[in-house]
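Me: I would like to go through this structure term by term. For each label, I want to see the value and the rule behind it.

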Amino acid sequence: MQSRVVPLEEGKDPAVSIKASQSKPSPIRLLQLFLLFLAVCISFSIISMYTIKRSGVQTAGTTVKPAFKHCFDEPNTLDRWIRRPSNLLHKMSDEELFWRASFVPRIKKYPFKRVPKIAFMFLTKGPLPLAPLWEKFLKGHEGLYSVYIHSLPTFEAKFPPSSVFHRRQIPSQISEWGKMSMCDAERRLLANALLDILNERFVLVSESCIPLFNFTFVYGYIMRSKHSFIGAFDDHGPYGRGRYNENMAPEVNITNWRKGSQWFEINRKLAVNIVEDTTFYPKFEEFCKPHCYVDEHYFPTMLTVRAAPLLANRTLTWVDWSRGGAHPATFGRADIKEEFFKKVHEDKHCIYNNQSTSICFLFARKFAPSALEPLLHISRSVLGF
């Protein structure tokens, strides 16, 4: 009895319907199987390629793309190197900050129009009670000055956005009078100010300082000076050479030992000298401790060795030591009269650009918060702003 073969048109699988005794599949059936296998392989390949293109390649492209975009967003132009930092609250350590601030162009001529600025550096524990007077002094002179504040690290200044002091605090640490931490704070102020290539002169003031003239006069006096205003006296007495420690030699010899006021004004070259110093700093840190007050000796001595011809050997900040004691006199509301300022200016003689002058001080201290109101009242007639 012969088995019945079902035609292909009926949709049945011929392999099931062939005779049991048949030992070889038909050539047509083999071709069909091969074509089916080939179709499955091609379909799988197409699906795999599409999946990789949509997921794998796209993901890789997405990962790489921001790196290329970043390069185009920040073109390597001159402006990138000369614009001042937009945020003073950086995360650099002192070591990193001083290294960055010590960068100096080897070509003296700037390839752009540079308007030099004065950096006013406020060294304070906290609030600036005389800020309104400084606001009045600086008003209208934007682009000719910068402001920096070093305070206790826990202090949060709350100046309005319109204030020249708004967001001008730098990363600060605790500083103590007469100790190296005070010089660290001053170096920190200088280093942050050096990051702005337009800052050419640097004035250190405190929260109790006031300007004695209007901004235009102060700016011209400082910018035209051939010298930097820092005291560097060779005091042979017990409060001068008497504070010298022989262990500081040979880097610091007693013949170079100098003393001066903490409140200085210096140019950019000397600011870099102070920030980059690693020679004198260790000696003063180890061997100049009370009764040696390092803030009175470190900078004057180091700059005498490094750049003595650039020093005017005097300060621009007037103080009154006539009452005696470890600190100068403080003036309050009752002291603020026209006669007081005549006393500040009278009988003064000093050297300015190798010529004699009667204008020796541009700033004064110490003024109590109670002095603010009368100072604002007479500022136009007496101080010129």
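Me: Where is the place of E156?
Reply: E156 sits in the loop between strand 2 and helix 6. Helices (H or I, at least four residues) and strands (E, at least two) are DSSP runs, numbered from the N terminus. The model is predicted: local features need pLDDT of at least 70, side-chain atom pairs count only at pLDDT 80 or more, and totals for chains, interfaces and linings use all residues. Residues are numbered from 1 along each chain as its sequence is written, and side-chain values use heavy atoms, with hydrogens and water left out.

Me: Is E156 called buried or exposed, and why?
Reply: Its relative accessible area is 61%. Buried means under 20%, exposed means over 50%, and partly exposed lies in between (1.4 Å probe, protein chains only). E156 is therefore called exposed.

Me: Which residues of helix 12 are buried, and why are they put on the same side?
Reply: They are L372, P374, L375, I378, S379 and L383. The arc, taken from the directions from the helix axis to the C-beta atoms, is only 155 degrees for these residues, which puts them on the same side of helix 12. The general rule is that an α-helix has 3.6 residues a turn, so residues three or four places apart point the same way. E373, H377, R380 and S381 are exposed, on the face turned away from the buried side. The buried residues pack against helix 5 (131-138), strand 4 (210-211) and helix 11 (338-345).

Me: What makes strand 1 and strand 3 a pair?
Reply: Two strands pair if DSSP finds at least two bridges between them. Strand 1 (residues 117-123) and strand 3 (residues 199-206) have seven bridges, in the parallel sense. In strand 3, N199 is the bridge partner of K117, and R201 stands opposite I118. Strand 1 also pairs with strand 2, again in the parallel sense, over six bridges; there F122 has I149 as its bridge partner.

Me: What is the order of the four strands, and what is the pairing?
Reply: The open sheet has the order 2-1-3-5, and its pairing is mixed. Strand 2 (145-150) and strand 5 (265-267) are the edge strands, each pairing on one side only. Helix 7 (residues 215-223) lies across strand 1, strand 2, strand 3 and strand 5. Seven of the seven residues of strand 1 are buried. K117, A119, M121 and L123 point one way from strand 1, while I118, F120 and F122 point the other way.

Me: Why are strand 4 and strand 6 said to stand at the edges?
Reply: They belong to an open sheet of three strands with the order 4-9-6 and mixed pairing. Strand 4 and strand 6 (317-318) each have a single partner strand, so one side of each is left without a neighbour in the sheet. Strand 4 and strand 9 (residues 363-364) run antiparallel and are joined by two bridges, with I210 opposite A364.

Me: How many residues of helix 10 are buried?
Reply: Twelve of its 14 residues are buried, so by the cut-off each of these is under 20%. Among them are Y298, F299 and L303. Their cover includes helix 6, helix 8 (268-276) and helix 9 (281-287).

Me: What is the mean pLDDT of the chain?
Reply: pLDDT is the predictor's confidence in each residue, from 0 to 100. The mean is 88, and 86% of the residues reach 70 or more. Over residues 1-22 the pLDDT is below 50, and over residues 56-72 it stays under 50. Where pLDDT is low, the predicted coordinates should not be read in detail.

Conventions. Contact means heavy atoms within 4.5 Å. Axes are lines fitted to C-alpha atoms, for helices over the stretch in contact, and angles run from 0 to 180 degrees between N-to-C directions.
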